[in-house]
Amino acid sequence: MRKLLTISLSVLLMSYGCARKDYFQDSALVGPVEQEKNAKWDSATVVAGKHYERGFLHTFFWGKHYRKVWAQPVTLPVFDISKMHGGLSPEKMGGGFQTTSLTLENEQGKQYALRSVDKDPQEILPKGLRKTFITNLLRDQTSAAHPYGALVVSGLAGGAKVPHSHPRYVYIPKDQKGLGKSSAEFQDRVFLLEEKYEGKAAITGYLGNAKNLVDSKDFLEKRFSEHSHQPDQLSFAKARLFDVFIGDWDRHEGQWQWAVYDTSNVTTYSPVPKDRDQAFFKFDDGLVPWLFSRPWAPLKKMKTFHHKVAFTKGYLQNARFIDERCLNEVTLEQWEQLAMQLQTQLTDSVINASVEMLPTPAYKLTGEEIKRKLLSRREQLPAIARDMYRHLSKHVLVPGTDKKEKFIVQRLANGDTRVLVSQLAGDEKERNLLVFDRIFKKTDTKSISLYGLADEDEFILTGKGQKGIKVNIYGGMGEDDVKDDSSVNGWGRKTRVYDTKQGIEIEKGKETKIKKTRDVRIHAFDREGL
């Protein structure tokens, strides 16, 4: 069987040959452009991706996905740059490796993103593979995404009180002018138009009294400069739980903006999700994608939107970097409360109304199926929340900042571990500020990593416990002090101190193990080092 499968796959792969220059459809238009009575703009009958239609053999190996929806004619408004949102003008080209996008701005300074619905992932491949059949295979798997799913997400997010954009799908005609030098890249295709939540100009009453909108890079730089900048961890946990509910597995740090709020002495950053391309993803309905998306396989993160949520860890893979830094205070009880809150907010009427926002022909093909799956996943939210907590609590990061801090680790008699972090006063007029206090349960947590970052920090470990949690200490760039007076019954030393040439003074205890490293990056707390 395995040999037959290998031979079949080899024959199928060779049949692709080189990457096709004419892979994508010539035109999205399949019907006349019409002016509806009393309508603000013309409408057109279009298809998002006729080229994804394939025969039985291809879909058996590579999946049915949403091919019928991509090839289904739907009626969309014709983009009119002089009318939509009060009139728009092009500002700058954008987009990642797969998406064509353009930033537009109206007279009030509010910005909108015009993003291609169809993707071309060719640029993510090494140059040597871009002219091979691999390019065609990657392009073909774009059909696993629902071309109109963002409409449903917007409705659901509104019901769940999760910040969201208000997308509109449009057809850009062949003769569309006013899109700048790159007009040809936009003409005769289907695009998604939505507001951009970037910068002060994007703030509306929808975001309350926010004073700014920043990206994750700016937020994290502030977060690790001093403790007066903090994420709203409960809001982020709710948004991440909502991600799993809709099956959106691609939530890395680039997929978030952060609304900035001043609250007493702390600046709080509340998450604003963006780019909902992977919601309702349907990937494992072909033999090859099914094999590659198993929990032991390389594409396990590409999660299919099923009735039952299995292998929750896959939904956390792409978001690991941002999750570790913004969810380290959320307890199991809080995760469960957020799940029940979402269950209450995502009523049957909210789900029905949201799915019915799909274009009618697309709804007929997938609407009822998506409804049933959403209703099933809603019932699983408490179990999903517990599973997310379990994965996120296994190995926890507790970072300091570039200011002076004191980390206190108390090993408790039952094997649990309490961690307290205080920002030390800069002068006599100030007081030490307790910024972190959490008890980690030995049944949930295997390791806690403390990062001092810059300046001179103190790490104090005390107490005696049973089979305690491993504590990793990364002093950072300053001259740090570590005093380990803790004791743990059980095999192996439970304190690891990672030392560099920057120097760190250590009063060793019987639990202390010093590990020398020349890799300064892990002390600087950057992506490559973790």
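Reply: A cavity is a set of points on a 1 Å grid over the protein atoms alone where a 1.4 Å probe fits but cannot get out, and its lining residues have an atom within 4 Å of a point. This is a predicted model, in which local features need pLDDT of at least 70, side-chain atom pairs count only at pLDDT 80 or more, and totals for linings use all residues. Residues are numbered from 1 along each chain, and side-chain values use heavy atoms, without hydrogens or water. With a cut-off of 30 Å³ or more, the structure holds two cavities.

Me: What is the volume of the largest cavity?

Reply: Its lining includes R223, H227, N328, E329 and F436. A volume is the space filled by probe spheres set on the grid points, joined across faces, edges and corners. For the largest cavity that comes to about 60 Å³.

Me: Which residues line the second largest cavity?

Reply: This cavity has a volume of about 30 Å³. Its lining is made up of L327, N328, V330, W335, Y389, L392, S393, V396 and R438.

Me: Is α11 roughly parallel or roughly antiparallel to α14?

Reply: Helices here are DSSP runs (H or I, at least four residues), numbered from the N terminus. Helix α11, residues 332-345, packs against α14 at about 150°, with the axes 8 Å apart; axes are lines fitted to C-alpha atoms over the stretch in contact, and angles run from 0 to 180 degrees between N-to-C directions. Angles over 145 degrees count as roughly antiparallel and those under 35 as roughly parallel. Therefore α11 is, relative to α14, roughly antiparallel.

Key: Helix = DSSP H or I, 4+ residues; strand = E, 2+ residues; numbered from the N terminus. Parallel < 35°, antiparallel > 145°, perpendicular 65-115°, else oblique. 1 Å grid on protein atoms, 1.4 Å probe; cavity = no way out; pocket = protein on both sides within 12 Å on 5 of 7 lines; lining within 4 Å.
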